[in-house]
Amino acid sequence: MKIPKPILAAFPVLFFVGLLLGNLFFFRTQEQGQKLYALHCSSCHMEKGEGLAGLIPPLKNADWLAQNPEKIACIIRYGQKGKVLVNGIIYNHPMPANLKLSDTEIHNLTNFILSNFENQVPKRTFEQIVKDLQSCH
Ligand code: HEC
């Protein structure tokens with residue numbers, strides 16, 4: 001089948017419009033994650049995710065994140081109590097829950113952390129986050 005010229009000519013335009021929309025979407029989700037972090041997390045985990053010696057575990061270059069990516073969503077929503085080992089140091093202070101954050105907000109927040117603060121953990125899909133949140137106890 002022969003594709004008519006005007007349609008063929010529109011392809012590059014459509015391609016760039018697609019790229020632009022994709023980028024806008026990417027930056028919006030990244031930006032939401034960053035804002036939520038500043039609002040709900042940075043007071044304890046600090047602006048650059050470095051934590052607070054002996055009290056608050058780091059999110060920066062944190063081995064815990066790479067080892068437990070499926071638990072991050074639950075910790076954000078329900079907080080956490082008990083001992084946790086991060087980069088060779090044991091922490092044991094309660095972290096409060098964030099019951100008002102939606103699944104989408106938790107998704108953007110999780111991926112902001114996983115791809116910033118020197119972490120190189122693969123991002124989680126929205127479907128994975130929904131599943132993670134269903135298995136919190
Ligand atoms: C009031 C202080 C406080 C706030 C606010 C807070 N956390 Fe925490 N967070 C902690 C503490 C303390 C622990 C260690 C919990 C324990 O000892 O079991 C922790 C543990 C964690 C862990 C697991 C250990 C690690 O370092 O990887 C993650 C992930 C985490 N927090 C992410 C977040 C995110 C994301 C937010 C924002 C939604 C947040 N925290 C807000 C204090 C806080």
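Predicted model: local features only at pLDDT ≥ 70, side-chain atom pairs only at ≥ 80, totals over all residues.

Biologist: Is F117 buried or exposed?

Modeller: The general idea is a neighbour count: a residue is buried if 20 or more other C-beta atoms lie within 10 Å of its own, exposed if 12 or fewer, and partly exposed in between, with C-beta atoms placed from the backbone. F117 counts as buried because it has 20 C-beta neighbours inside 10 Å. F117 lies in the loop between helix 5 and helix 6 (126-134); helices (H or I, at least four residues) and strands (E, at least two) are DSSP runs, numbered from the N terminus. The phi of F117 is positive, about 50 degrees, although F117 is not a glycine.

Biologist: Where is N87, and what is its phi?

Modeller: N87 sits in the loop between strand 1 and strand 2 (89-91). N87 is not a glycine, yet its phi is positive at about 50 degrees. N87 counts as exposed, because 12 C-beta neighbours lie inside 10 Å.

Biologist: How is the span of a helix read, and what does helix 1 reach from its first C-alpha to its last?

Modeller: The expected span is 1.5 Å times one less than the number of residues. Helix 1 (residues 5-40) has 36 residues and reaches 53 Å from first to last C-alpha, close to the 52 Å expected.

Biologist: Where does helix 1 bend?

Modeller: A bend at a residue is the angle between axes fitted to the seven residues ending there and the seven starting there. In helix 1 the bend is about 30 degrees at F11, and the proline P12 follows within four residues. Helix 1 is also hardly covered, with two buried residues among its 36.

Biologist: Which residues does UniProt list for "transmembrane region"?

Modeller: UniProt, in an unreviewed entry, lists residues 6-27; its positions are given in the numbering used here, feature names are shortened, and annotations may be inferred rather than shown by experiment. Residues 6-27 are 100% helix and 0% strand, with end C-alpha atoms 32 Å apart. The record, again unreviewed, also places "domain: Cytochrome c" at residues 28-117. That span is 46% helix and 7% strand, and its end C-alpha atoms lie 19 Å apart.

Biologist: How many residues surround the ligand, and which are the closest?

Modeller: A residue is near a molecule if its C-beta atom, placed from the backbone, lies within 6 Å of it. Here 28 residues surround the ligand, and the closest are C41, C44, P57, H93 and M95. The elements giving two or more residues to this shell are helix 2 (42-45), helix 3 (63-67), helix 4 (72-78), strand 1 (84-86) and helix 5 (103-114). By class, the shell has 19 nonpolar, eight polar and one charged residues; Ala, Val, Leu, Ile, Met, Phe, Trp, Tyr, Cys and Pro count as nonpolar, Asp, Glu, Lys and Arg as charged, and the others, Gly among them, as polar.

Biologist: Which residues touch the most other members of the largest nonpolar core?

Modeller: In soluble globular proteins, nonpolar side chains tend to be buried together. A nonpolar core is a set of buried Ala, Val, Leu, Ile, Met, Phe, Trp, Tyr and Cys residues joined through C-beta atoms within 7 Å. The largest core has 14 residues, of which L59, L65, A73, I76, I106, L109 and I113 touch the most other members. Helix 4 and helix 5 each supply at least two residues of this core, and helix 5 gives the largest share, five residues.

Biologist: Why is helix 5 described as largely enclosed by the rest of the structure?

Modeller: Nine of its 12 residues are buried, so helix 5 is largely enclosed by the rest of the structure. Among the buried residues are H107, N108 and F112. T110, also in helix 5, counts as buried because it has 23 C-beta neighbours inside 10 Å. The C-alpha atoms of T110 and L65 are separated by 9.9 Å, and the two residues are 45 apart along the chain.

Note on methods
Residues numbered from 1 in each chain as written.
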